[in-house]
Structure formats: C-alpha cells, structure tokens
Amino acid sequence: MTEETPAIPEATLETPIARPDDLLPGLITLLPVATRPFFPGQMIPLLMEEVHWGETIKTVADSAQHVIGLVLVRNEDATDARPEDFAAVGAVGRIRRVQTAGPHLQVLIECVQRFRIESFVKTKRPFSAQVSYLTEQKGRGDEQLKAYSLAVINTIKELLPLNPLYAEELRMFLDRFGPEEPSHLADFAASLTSSSGEQLQPVLEAVDLMPRMEIVLELLHRELELAKAQSKIRQAVEERMETQQREFFLREQLKAIQQELGIAKDDRTADLDRFKERLAALTLPPEAAKRIDDEMEKLAILEQGSPEYAVTRNYLDWLSLLPWGQYSKDNLDIARGRKVLERGHYGLEDVKKRILEFLAVGIMKGEVAGSIILLAGPPGVGKTSLGKSIADTLGRKFYRFSVGGIRDEAEIKGHRRTYIGAMPGKFVQAMKDAGTQNPVIMLDEVDKIGASYQGDPASALLEVLDPEQNSDFLDHYLDVRFDLSKTLFICTANQLDSIPGPLLDRMELIQLSGYISSEKREIARKYLLPRQLKRAGLKRGQLKLKSAALDAIIEDYARDAGVRRLEKSLGSIARKVVVKLLDGAEPPIAVGPKELRDYLGPPLFRDERNLRGVGVVTGLAWTAMGGATLSIEAVRVHGFNRGFKLTGQLGEVMRESAEIAYSYILGHLQELGADPDYLKEAFIHLHVPAGATPKDGPSAGITMASALLSLARNEPVARPIAMTGELTLTGQVFPVGGIREKLMAARRAGLREIILPGDNRGEFEEVPEHIRKGMQVHFANHYSEVAPLLFEFG
C-alpha cells in the first residue's frame, strides 16, 4: 500500500452474489485491459499494481454497487491508455474480493453484462463514462441456433482430449450455466480459445447470437487445428525420446550380457585392437615400433575420461594410419611417359624432353628415387598439370597443396602435442591421405611462402626438400622419424627471386617459358575450346569460332605467356552464345573478328610497335607473367640548366642503370655522332611506361642509353628493333637473364630483330628452335657495337 492510496477495506466487498438482471448504474468506472476482452458470465481474478490502479479500485469499492467496466485498449501497456484507445464495447462486472499482496492487488471480478461507451466523463485515471447496456438474447427454441450450439459443443469435445485445461474450464462453466444457454455458451467458447484480443473483441461486440456463433465457431476450429499440431509435435518428441531411451537401455543390457559371457569389449580394448589390426599390415622401423608399444601400454592403464587418454588415442590413431613401409610400384615405361605428356600438353618440347630425361634415369636405376623438381614459369603455362602428368606416368598417388601465404612453421612440421588441438604438418597429412610412402607431392606457389613471428616456413622446408636429410624427417607432432626420401616433390613458382637461396639450391629447375601465338592457337583448338563448350553445355556445331577471330583473341585479349586468360575469353564467348541460343537465335552462331568487341569488349592490349619516334626505343623485360616489351621515352624539357629526371616507378637498380646510361652518353656524344654540347644545358626527362607498374633490374641499360642517344641525335631508330642488356660506365654490355621470355615477348609484339649481350649467346642457343625461328639476333659486347645497328653513321 502507498501513502497516496488509502487502504481498501476488504469486508465492504463481501456482498451477496448479484443477479445479472440487477439494476446497473449508467455512470461507471472503467478499467482498461491490454491483453484480451472479458465476457459476461466469467469470474476473473486479476493481479494489478496498486500504485497505478489502487485509486480506481478504491473508487469502485466506495460505490454502492461495486460496479466496474472492463474494456480492451489498443495499447500494449494499459497504464498509458487514453480515451481514444478504448474499444466501444466492454463487459461490466462487480468486484467480489480485493486482497493486497505487497505492491500488487488481487481482485476477483464477476462479469455480468455487455455495455457500450456513450461518452467519457473522466479522461484520466480513474476513468469513468456514461454507458448503455446491451440486452442479451435468449435464443431458446431457434433450431438454427440450436444447430450452431451443438456444433460448438462438439468442437469443444474434440478439444478436451488434446488439453486437460479445457476440461477444468468446462467443469467450472457447467457449474454455473447450462449448455442450453447459447449466449453464455458462445462467450465461454470464445474465452476458451487462445485467440488474440483483436480476434475476440468482435465476439464481445456481436449482440446478435447468430453472427456471434459464426465468429466463435471459426475461432474454435482454428484453436482445434492449433491444438492438434501441438499434440502431434509433443507426441513426436515423446516417441523420439522413448526410442532413444529404449535403445540406450537395450544397448546397456546387451553390453552387460556380452561382458558376462566374455564376448564384449570395452572402448579401450576396442581401440587397442583396432590399432593392432592396422599395424599388423605395416612394416614399422624399430624406433616407431618401440614408441607405439610404449603408447599402447600407456593407453591400456589410462582412465577413459581423462584428457591424457584422448591425446594418446589420437596420437596412436595418426601413427597407425601412416603408410609405414607401403610403396606403390612405379610404372617405368618411357614410351608411356612420352604418350601421357603428349596427350595432355601441346608444345613445351624442351620441358617434355627434360622430364623424359628424368624418367629415363629412374628407369635405368630401376626406381625413381626421391627428387625435388621446380617448375618455374609464368601463370597459366601448365605447371600444375605437368606435375599431375608426371604422377600419372609413374602410376603414383598425387597429392597437392599450396604453400603460398603459409606463415606458420607448424604447417610444415606440425604442432607439438603439448598444445590442445595439435595436428601433424602438411607432409604427414599428405602421406596419410596418399596411403603410400612414395607419392608425388606438389607444393604450389613455393615462391609466395611467407614468414612471421611464428617461424619461417621456408627454412622448415629445407629439411623436407633435402634428399640427404628427409630420410629422417621429424614431425613435431609425431616425434618419430619418417622416411620421405622415396617421395617425389614437385614445386611450382612464378619467379625465383623470392625463393631463398639455400632452398632453391636443393631443387632441380625446369623453366617453362610460355607459349607463342601458333602454340596458343593449337591449344585453344584442341583443349580449351572443347572444354569451355562442355562446361557451357554447348555442342560443337552450335558455335563456330573463325580462325581469324581466334588469332584476334590471342593478339588483342590474351597476349600473356600462359593460356589462362585465353581460356577465360573463350569461356566468356561460350556463355554469351548460350544466352543468344536461349533467346531464339538459330545455330550455328558464327563469331568473327568484328563480333569480338560485342563478346569481349574493347581489346586489352595495344600494338606496341606503334611506339616509335625520336627518343623512343623498345626494350625487353622479364616479369612474373613472362616477357614483355618496354618502350622507353626520353625528351628534352628545356635548355635553362642541365638536369636529369626519371619517372615510371623505377626501382633502385633501374635508376642507377639510367644514371649510368646518362653518364655514358654524356661523355661519348661526339664519338656517337651527336652534338657534344646538346646535353650541356639540357634538362632531360626519361620515362618508362606504364607508370603504375613497379620496375627494377639492370637489363634496360642499353635501351635507356639508346633512347638518350636518339634524342641527342634528333633521329629515330632506323627500323623496328628491340634490345636488352646491362650497360657499364665504360660502355661494356653485360649479360642479363630471362632471354627465353624476352624473345617470346618480342615475337608476340611482332619484332623480329633483337640485340642481345654477347655473353648471352649460350642462353640464346638453348631457346627452342620454334621460338628462334625467323629472329635476326645481334650480339654486342660494347655499346659501340649497338649504336651502328640503330642509327646511320657517316
């Protein structure tokens, strides 16, 4: 009780039970109800907060008839109700009992009749209003109404078995009313449902019995469907629980019977037997056999619920799953190897030849011992597929994983068993999955392996990829020596600069230079186009790709060293053809050079041969994507003071190379046929496109010197020619790398005349004949041999 609300004397409310037809006042106090409306004939216990409704109950208690109107409001919280939130029709009732329970009031109200609100007298708590009472219809003797009453009663009977609470409420109703009173029956049936207040309010507002019965019958059928669904769900849950309990008891009984008969095994014994069964088929080295015996003895005495038991069990599981002493028989047939390589790869004759030499040595020895091959080349030239072909040739299991981005040494050598969730490294997992001790394991992207505070994975690979050490490879998790010496490791890389020297030294390098246009054309016809047609669900006759269109794709959209971009372009064309066919186009759909822009957009590559003029010279560069042509530009900005500016995102080595070229040309202008005073007061700007691509290396030395000389002589290069070579201050031309890739870049750009350092003659002769064919190559040892090839000297 609060100080603001006087105590409500309970004794004053103990009045005789009122009859519904007793005289009711026209002005009554209203109590807003937020959940659902109440109906005449209901005896309702309410629990309310005294601080909010104590004054309202006190007002009713002080009145002569203790009458209160219960009205549904639209607010979720009745304490915030306003007059416009009240429903038009409510139920009037008499308060029979009020009890105080701490901060709450327990109020028992008997609803007696419907009323309609005519006007509000008081618009704040306690609310009061002038009301008119709605006369209840008796409806006795009406056959149609009797039929509805029976339908309501039968529906209630269907509800009774589904929920015991319905039976208790029905008993309380029958204690006060009979089933032949349709008005009270309809109200009772409505109150029996779990319908919302919005669904029940129309029942309260329906004074005529027939519309009220129809609404109630609809609510009852909805309640019946809901109760059936709840009963079905409950029954399914109970049946499932009973099944699980029955199975559990039967399993426990069976286990007890088997133990009594001596034919049962507990989980520990079953684990030990399973490990022994696996190990019986393996050939264990003495060290591993001793460790496994020790661990199995430990497992036999450990409690099954202890953490140590789970750790030991997992450890034995790994040890028993490794292929100790299991080797697959090599298929040492060089003819088959040649056939497999020819079937899966077009071109790459030098690479195939090198792989066949490797296989031939193995055949001669009688086995292909563990070796480490590094396939290095630009993306999309077939490094991964070559590794699969080698495994196919030998008949060995093939396992591939990428080491690119690995920064944790534990990925290579495993975690120590002291850590929760410890696992062996990638190589032990590969052995388990392969099932033999001599698989072919491919390490993709070995040039992109990282390092962090967790260790250096590249250094961890040194033990794995060293034939002298990997016969005793020690994984941190196994802590037992495992022989990897019979495993053939094949690594792939795009570039060699990022591979640590000691690691690179352990590998047998096979370079893949990429494909020229004629090879790409054949690869597209034989491999790529059929594969893309199959992926798109097209038949060969539905798409006709003209030869000229294929050549245009290779030159304008897929000029890189590999064929990955070429395959993507063909896939894009195939998908667009599918759309056209589904739109009703008639096959075959022909694709020529003119239609390529509609299928692939504007060309991605420009014609680099057009970059010519005074101060412009074409060089050859090596990139991770293969070779590339590089047009270097030099211009004279002004003649106010001497200076030299470099742009094009050049690395430190390349900037030094440019300064050497500038110094050399500055000191030898006269003997090179230029005005000796040209650079005296000239500010020179040298740029290497494209500016967004980082560049470095010394191989553009003679190219930059030639661009400066062309500018000083005010004379363009006499004919299309490309060059590469490192320049020294004395004019010596030093050798550079990537000759094969640079020659292929020149061929792709249509350049057939090349200048190379004299010391690179050996590398040039190792380049396959089909790449050298049609090339005019000049070898220069000094820049004085380069200049006459570019300019005319009198």
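Predicted model: local features only at pLDDT ≥ 70, side-chain atom pairs only at ≥ 80, totals over all residues.
How many nonpolar, polar and charged residues does the lining of the second largest pocket have? Residues are numbered from 1 along each chain as its sequence is written, and side-chain values rest on heavy atoms, with hydrogens and water left out.

The lining of the second largest pocket has nine nonpolar, nine polar and nine charged residues, where Ala, Val, Leu, Ile, Met, Phe, Trp, Tyr, Cys and Pro count as nonpolar, Asp, Glu, Lys and Arg as charged, and the others, Gly among them, as polar. The space in this pocket is about 710 Å³. A pocket is, on a 1 Å grid over the protein atoms alone, an open set of points where a 1.4 Å probe fits, with protein on both sides within 12 Å along at least five of seven lines, and its lining residues have an atom within 4 Å of a point; the volume is the space filled by probe spheres set on the points, which are joined across faces, edges and corners. Of the 27 lining residues, His345, Val381, Gly382, Ser385 and Arg531 are the closest to the centre of the second largest pocket. At least two lining residues come from each of helices H10 (334–344), H12 (383–394), H17 (517–536) and H19 (564–582), and H12 gives the most, with six; helices (H or I, at least four residues) and strands (E, at least two) are DSSP runs numbered from the N terminus.

Twelve aromatic pairs were found in a search of the whole structure, a pair being rings of Phe, Tyr or Trp (its six-membered ring) with centres within 6.5 Å, stacked if the planes are under 30 degrees apart, edge-to-face if over 60 and tilted otherwise. The rings of Phe427 and Phe489 are edge-to-face because their planes stand at 75°, with the centres 5.8 Å apart. This pair links helix H14 (residues 426–434), which holds Phe427, to strand S12 (residues 488–493), which holds Phe489, across 62 residues.

Phe644 and Tyr662 form a stacked pair, at 4.4 Å centre to centre and 15° between the planes.
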